[in-house]
Amino acid sequence: MSESGGEDQPAREGASVEAEQLRVGLLGPLEVWLGGTPVPVYGDRARVVLATLALSHGQAMAVPAIAQRVWNDQQPASVHGSIASHVTRLRSVLGKSAIRTTDTGYLLDIAADQVDVLRFRRLIAQSTREQDPQAARALLATALDLWRGEPLEAVDSEFLQRDAVPALAEERLQALERRIELDLAAAAHADLLGELMALTARHPLREPLWRQLITALDACGRHADALDAYGRLRAGLREELGVEPTADLQELFQRLLEGRATLESAAATPTSASRGVIGAVHESATVPQELPGDVLDFSGRVLELHDLLAVASASGSPPSTAVIAAIDGMPGAGKTALAIHAAHRLAADFPDGQLFIDLRDELSGPQGTDPLVALDVLLRALGVPGERIPETLTARSALWRSRLAGRRVLVILDNAVSTAQVRPLLPGSAGCLAIVTSRRRLAELDGAMHLALDTLPPDDARALFTRIVGTHRAEAEPQAAAEVVGRCGYLPLAIRIAGARLTARPAWSVADLAARLEQGRRRLAELGRGDRSVETAFGLSYEQLPVGHRRVFRLLGLHRGPDFDTYLAAAGTGLDPADAEAALEDLLDVNLLRQRAPERYEFHDLLRSYAAERAHAEESENSREEALRRMCDFYAHASYTADRVLHPHRPDLKPDSPTDGLHIRAFADIPAAMAWFEAEHTNLLAAQRAAAEHGWHAVVGQLAWTLSVFHARQGRRRDALAVWRAALEAADRQPDPVPHIRALRLLGRAYGDLGHHQEALDHLHQALTMAEGHGDLTEQAHTHRTLAWVWERKGDDRPALRHAHRAFELYRSVGESTGEADTLSMVGWHAARLGDYDSAREHCEAALALHRQRGNPTGESDTLASLGYIAHHTAHHEQAIELYQQALALLRAIGNSNQAATTLDYLGQAHAAHGDRKRARAVWREALELYQSQGRVENAEQVRQLLRALETTGGEDDPDSRLAAAWKPLLL
């Protein structure tokens, strides 16, 4: 049957083709389509203006009326201008002709059927005039299909949400009730049950819907359920409104009683919802109450519990569906405890029963309890006699869903192994709630609310421990209590076992327990008591893994760092990166790994210990050593690759040939290499320690070398000292003198960077003596260059200039052009520091040309800063500012925040000397932040003095002697 007045209407006179193609949707989120393509409408207020004009179709809306809907009572002063601005924005989206300006306001100038609200109302009106019930039903269905959700979703208008939305929702319900009446008249009772159960759950006090549900249940032969439905309605009306059902509903109830008088003798136990309403008139039914006891010392999980209770309150809201909450987490995270605790809070909302089944007991094997067996248990719990339980899984699942239909039942499916195991056990109708717990993420459970449990926050972990051992013991030793829960990894199971052990040992102090948990591999043994053990809980998950995944898990337990990526996992296991990633993702899915950042994986501390124990138990010593060596080799080669991107012009110190099969990622640019070093820094330090423990001396030195540029650019002075101390110890055990000389030299630099100048000079003179003794001119040049740098840090530029000259001569003699350019710049710098600006400028300009010729941004930035210093001290302040800014741009591009801080410091001085206090203040504040983050205390204090002097001086363009005095020590 064609619809009159629909899309076939003739075009309005003067309407544009663009306007004719426009559609506006208000029955759900506000949406606009142009020619069938969604068009975004940006701006909350513009969306309110569009919704207002669409709802008032056919009449112009005055600006004050629009403003009231946009701003309520908080209207701006320029209302007309603001509304005009939003209309202009809308016209840019909808087309210029879509909104017409009138004498009184604005009008949405499109056909009525182009707005879904208006089309909905036209279809409803047409259905009331239709004499053919089937045609009327079709019109109603078409109208209802226009709804996409709650009306005017995402339209931020208090006025519309208060006045328009409830009216629209009522129109929808009335249309729905009329359509259902027509379906009932057509005897479609069975098809309506699920929809009506969902609707009555969502609108528990709407009597027409309950009347329709009771009628449908009775027509389907479910007379007891019809009586029960009346009882639930009556109880709700009395509790919420203090009234009885309407007369026609009471009459319907009486007819039900009269038509099924035999129920009086058959009824035994009425459900809690109808108790007191229909007396003993009810079908005999089993109301299972199988929840295990609640966890009395349950602590924390406030947000997770809130989410569970919130989703449970929605049970029955989606049409014809049960609500499913899936809780996953690592072994011992407290998934079952949370499910049971929430279930006890919710039990009263599910008066038709609460069921609990463990889907992985000790007899079920790796695949868990067979769904066929589980359904047998669940059906018997609902009172189904054994002889009436079908043989096949499909039939049992259908009977299970049928027995739950129309009832409010809560089901806990604990320890689920897989989605395939769970799916046949899920309720199928509204009103039921299934809480599924699993160590695996059951992502395939469509429509479920997924809740991933991590470990407890520290405060909640301490609260749990306190509830177990008692306030008097925990609060007497708060520091020890914090250590205990920390060594339990904040894992609820571990905390419970530790607390139980302490409770059973009154002679122990909390500190005694903390000490026992400190002992590395013994920790897991301590966390076992009776039939509960952290190790056993982990073992259940481990044994379920495929053989190859077990190997990946245990070998990665040998990794010393806090986290890792796919490439490290591939190196440690000998797998291809794609296969390694697949294994890592599977371990993540079963919560044996965690992920804090994309593409990075980590163990929980106790799981790491367990993985390492499995490696020691199941892998040979050679296998373990080979895996660890491959990991250390991976870090040596990967860091070398990243370091060459950071500074390709430094001496090329290649690591030994890679272990067969290592996969090393490529780094596109300096930011990518810096980001890798940042992510892997702690792992690199751990790898160096592991290499030192195993006597892999070349790897120790290699890692110290490849970390040097990163440490220097990030100002990681103490880390630099630590890695070069380790490198020197390793070099002592190598016959080649060069690693020893290099370690002495770079350890000397690390000491100098920390201000330990004498230790720096001692190590550098040792390095120089060794280099001279072996006739190594290149190492002599490197060492003289570092000596120049240390003497400068010590505050004496004359010996610094001598060493820089000597380094330059040596570099030139061996043809080392990068070192030659670097030391040429150093000569210029020290000459400038000594006041010889002409010579300094000549050397620095020559060095700058060499650096630019070789494309060396590191050397170029250093030399530009030196030229800026020279310009500043020869009163060319604008030139100094420009040079410093060029240097700063290069330093930021290569990630050298360490040198950037110093350059900002000098740039601030140039701005101050130029009379620009505002810019001086801004760059000094930035320098101060960098100095503080790098631990450069003395530099930070000098900048604070400069800032204080800046605040206490006179006019903006007249820096007085106090400011000059404040920066003089730094310049000298």
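## Salt bridges and a nonpolar patch

The structure holds 59 salt bridges, each being a side-chain nitrogen of Lys or Arg within 4 Å of a carboxyl oxygen of Asp or Glu. This is a predicted model, where local features need pLDDT of at least 70, side-chain atom pairs count only at pLDDT 80 or more, and totals for chains, interfaces and linings use all residues. Residues are numbered from 1 along each chain as its sequence is written, and side-chain values use heavy atoms, with hydrogens and water left out.

| Pair | Closest N and O atoms |
|---|---|
| E181 and R211 | 2.5 Å |
| R665 and D565 | 3.0 Å |
| E860 and R852 | 2.9 Å |

E181 sits in helix 7 (residues 158–185) and R211 in helix 9 (residues 207–219), so this pair links distant parts of the chain, 30 residues apart (helices are DSSP runs of H or I, at least four residues, numbered from the N terminus). E181 is partly exposed at 31% relative accessibility, and R211 is partly exposed too, at 25%; the class lies between buried (under 20% relative accessible area) and exposed (over 50%), with a 1.4 Å probe and protein chains only.

For the second pair, D565 is buried at 1%, while R665 is partly exposed at 26%. In the third, E860 counts as buried at 15% and R852 as partly exposed at 44%.

Now the surface: L205, L241 and V243 form a nonpolar patch with about 230 Å² of accessible area together. L241 lies in the loop between helix 10 (223–240) and helix 11 (247–259), and is exposed at 52%. Patch members have over 30% relative accessible area and no salt bridge, with nonpolar side chains (Val, Leu, Ile, Met, Phe, Trp, Tyr) joined within 5 Å and like charges within 9 Å; areas come from the Shrake-Rupley method with a 1.4 Å probe, and for residues only the protein chains shown count as cover.

Terms used: Helix = DSSP H or I, 4+ residues; strand = E, 2+ residues; numbered from the N terminus.
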